[in-house]
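This report covers selected local features of one protein chain, with headings by topic. The sequence and model come first.

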Amino acid sequence: MKSLKMHPTRCPISGEEGDATEMYPANFDAGSLSPAVFSARRLPDGIHYRIVRSNRSGLVRSDPVADTALINELYAQSSFHYADEIPSLKNTYERYLERVCALGCERGSLLEIGCGNGFFLERAKERGFKNVWGVEPSHRAIDHASPTIRERLVCDVMRPNLFSVNAFDLICMFHILDHIPEPNQLLAECYRVLKPGGFILCLNHNVESWSARILGEKSPIIDIEHTYLYSHTTIRRIFEINGYEAKEQGNVWNTYSITYLFHLLPLPHVLKQTSLRALKASAFGTLPLTFPLGNLYLIARKPIWPSG
């Protein structure tokens, strides 16, 4: 692992560096940064950077954070171990795919950023999308992809000129924007590769949800993987300052197995491990529940005609 370098963050909405109020002090050391810690849907461990809230925009962010090159390296080496939850994730993500299609999105070309093993892209093809692509930094996740979709997955982070201009009718990001160190750069690149009139669908943690308010620092969203944490207000503002038209937003109705809900709870480690082993060995643990736990969604559109 490269030596740990830290750099300050700035609010991508107001542009300021500093001018923020500390919410929680940092509680990690260099040894906390490992591929296991940066693996998707790992067991929550409460490790996080210093967390602050912008005094101007209200956006919550980590400050300072580790060097972007190191973080990209950790994601590239990260594991893939949430296959049991894929049926629930498909149900949740398809629910919002249908919402964006109902707003007029063409079922033509679709890009998913942070696609894991491509399970959602397979579902999108089943729902009529003709041309699907995914971007995923984790080599192990792509190794777990079905042969029918693997050739459509690019092992990389989303970066400039990975795809051609005006290439996609829809871009999907499911719990990705929280992790991005430079969200304005990402949204600018998404804007470039979207067709005029194309849509972007974003699901994120909601830092102002009832669960986040109740749990505070013990919430699983207060995590070292998350550079920024959005609310309904701040996620709409960051899309709008990047030229998008916000079309619809609301609270996400997630489908989770009972096992995964215990996975998220801030329980003592021994009790949680014992409970998870018992649930995984029982049919009860696989039962799905659907309710608004603490996530938000935003559907935005690239204007057909540039503003101004």
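## Helix 3 and its surroundings

Gly 128, which follows helix 3, has a positive phi near 105°. Helices (H or I, at least four residues) and strands (E, at least two) are DSSP runs, numbered from the N terminus. The model is a predicted one, in which local features need pLDDT of at least 70 and side-chain atom pairs count only at pLDDT 80 or more, while totals for chains, interfaces and linings use all residues. Residues are numbered from 1 along each chain as its sequence is written, and side-chain values use heavy atoms, with hydrogens and water left out.

Helix 3 spans residues 119–126, and its buried residues are Phe 119, Phe 120, Leu 121, Arg 123 and Ala 124. Buried means under 20% relative accessible area, exposed over 50%, and partly exposed in between (1.4 Å probe, protein chains only). The cover over these buried residues includes helix 2, strand 6 (109–113), strand 7 (131–136), strand 8 (153–155) and strand 9 (168–174).

An open sheet is formed by four strands in the order 2-3-4-11, with antiparallel pairing. Strand 2 (20–24) and strand 11 (228–229) are at the edges and have a single partner strand each, so one side of each has no neighbour in the sheet. Two strands pair if DSSP finds at least two bridges between them; strands 2 and 3 pair in the antiparallel sense over four bridges. Thr 21 has Arg 53 in strand 3 as its bridge partner.

## Ser 57

Ser 57 sits in the loop between strand 3 (51–54) and strand 4 (60–62). Its relative accessibility is 9%, so Ser 57 counts as buried. A polar atom of the Ser 57 side chain lies 3.1 Å from the backbone nitrogen of Leu 59.

Not counting residues up to four places away in sequence, Ser 57 touches Cys 11, Ile 13, Thr 234 and Arg 237. Contact here means heavy atoms within 4.5 Å.

## Ile 235

Ile 235 belongs to helix 7 (residues 232–241). Ile 235 counts as buried because its relative accessibility is 0%. With neighbours within four places in sequence left aside, Ile 235 is in contact with Leu 177, Cys 202, Asn 204, Tyr 230, Gln 249, Leu 296 and Leu 298. Glu 189 is 46 residues from Ile 235 along the chain, and their C-alpha atoms are separated by 17 Å.

## Cavity and pocket

On a 1 Å grid over the protein atoms alone, a cavity is a set of points where a 1.4 Å probe fits but cannot get out, and a pocket is an open set with protein on both sides within 12 Å along at least five of seven lines; lining residues have an atom within 4 Å of a point. There is one cavity of 30 Å³ or more by this rule. Of the 13 residues lining the largest cavity, Tyr 49, Val 65, Ile 71, His 179 and Thr 227 are the closest to its centre. The largest cavity holds about 90 Å³ of space, a volume being the space filled by probe spheres set on points joined across faces, edges and corners. Helix 1 gives the largest share of this cavity's lining, three residues.

The second largest pocket holds about 430 Å³. Its lining has 22 residues, with Asp 84, Glu 85, Ser 257, Thr 259 and Lys 280 nearest its centre. Helix 2 (86–102), strand 13 (254–257), helix 8 (258–264) and helix 9 (269–280) each supply at least two of the lining residues of the second largest pocket.

Methods:
A polar contact is a pair of N or O atoms within 3.5 Å; within protein, one must be able to donate a hydrogen and the other to accept it, and residues adjacent in sequence count only if both atoms are side-chain atoms.
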